[in-house]
Structures are given as structure tokens and as C-alpha cells.
Amino acid sequence: AGSSPVALAAAVANAGGMGACGVLGMSPAEIQNWSASFRDRAGAGALQLNTWIPEASPPRRDAEHERRLRDFLGKFGPEVPESAADAKLVDFEAQVAAMIDAKPQVISSIMGVYPPHLVKR
């Protein structure tokens, strides 16, 4: 989240590498805007878009484990609010549609397997 600046991805692509963007927290409009900015800077440069594929069912929450994790992370940065784990993900199907519309050379996932109906697209 916020770690895929267009300028860096375009510089990599313009140097012959593959620019990349992690889109997990991005809305379809943000994916579209980011990709358009990348194309403005890198032309036909190679691009990879990556996301995390959600579980079929929500994970089982463990309040005590979450508290210990917040305490641990708080030692290395700002305090993590109790509500942090309540963040809602962007609509995955809409994200994938935006990724496909952006026409990158590669669409990948950091975790999980794309469902067959999306792979066919």
C-alpha cells in the first residue's frame, strides 16, 4: 500500500526491466489512474500488476492473538489501533477487471490462486 510509486515503476521499465504495482488496497479507478500514469511515463514498457487473492471464506478472528500482534508491532512504529484488523478490502472481482483492462504483461498474486473464471478472461 503506497509502496508502488509510478515514477519508480516507470524508471525500471524505461531501463529495460518490468515496472510493477501492488494493487491490493487500490480501487478500480485508482488502478486505472496508476496504469495510465505509468503508460504516460513508460510508453509500452513492461508492467506487472499484483494483488493478494482473498480466501473463499473470512478468516477466523482471534482477539488475543490480534492484541499480541498489535503490541509487538507497536514496539517498532506507531501504535496499531484495535480497529486496524477491521479494514475492508476492495471488491476483488472489480480489481481484477481493472487489472485486465490495464493490459499489463503480467498479472500475479503474492498469495493465492486466481479462480478459473478470472483466468479465462
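Start at the second largest pocket, which has a volume of about 150 Å³. Grid points are joined across faces, edges and corners, and the volume is the space filled by probe spheres set on the points. Colour the lining by class and you get six nonpolar, one polar and three charged residues. In this scheme Ala, Val, Leu, Ile, Met, Phe, Trp, Tyr, Cys and Pro are nonpolar, Asp, Glu, Lys and Arg are charged, and the others, Gly among them, are polar.

A word on what you are looking at: this is a predicted model, in which local features need pLDDT of at least 70 and side-chain atom pairs count only at pLDDT 80 or more, while totals for chains, interfaces and linings use all residues. Residues are numbered from 1 along each chain as its sequence is written, and side-chain values use heavy atoms, leaving out hydrogens and water.

Next, move to the largest pocket, with a volume of about 930 Å³. Its lining has 27 residues; select W52, P59, A85, A87 and L89 to find those nearest the centre. By class, the lining of the largest pocket holds 14 nonpolar, six polar and seven charged residues. Now show the cartoon: strand 2 (47–52), helix 3 (63–74), helix 4 and strand 3 each supply at least two residues of this lining. Strand 2 gives the most, with three residues. Helices (H or I, at least four residues) and strands (E, at least two) are DSSP runs, numbered from the N terminus.

Time for some rings. The structure holds three aromatic pairs. Select W34 and F38: their ring centres are 5.7 Å apart and their planes are at 10°, so this pair is stacked. Rings of Phe, Tyr and Trp (its six-membered ring) pair if their centres lie within 6.5 Å, and planes under 30 degrees apart count as stacked, over 60 as edge-to-face and the rest as tilted. W34 and F38 are four residues apart in helix 2 (residues 28–42), which means about one helical turn separates them. W34 is buried, with a relative accessible area of 9%, and F38 is buried too, at 0%. Buried means under 20% relative accessible area, exposed over 50%, and partly exposed in between (1.4 Å probe, protein chains only).

Now select F92 and Y114, whose ring centres lie 6.1 Å apart with planes at 25°, so they are stacked. This pair links distant parts of the chain, 22 residues apart: F92 is in helix 4 (residues 92–102), and Y114 is in the loop between strand 3 (106–111) and helix 5 (116–120). Both F92 and Y114 are buried.

For a contrast, pick A11 in helix 1 (residues 6–14). A11 is partly exposed, with a relative accessible area of 44%. Draw a line from A11 to A94: they are 83 residues apart in sequence and 28 Å apart in space, C-alpha to C-alpha.

Finally, zoom out. The protein has five helices and three strands, running α-β-α-β-α-α-β-α from the N terminus on. Of its 121 residues, 26% count as buried.

Methods
On a 1 Å grid over the protein atoms alone, a cavity is a set of points where a 1.4 Å probe fits but cannot get out, and a pocket is an open set with protein on both sides within 12 Å along at least five of seven lines; lining residues have an atom within 4 Å of a point.
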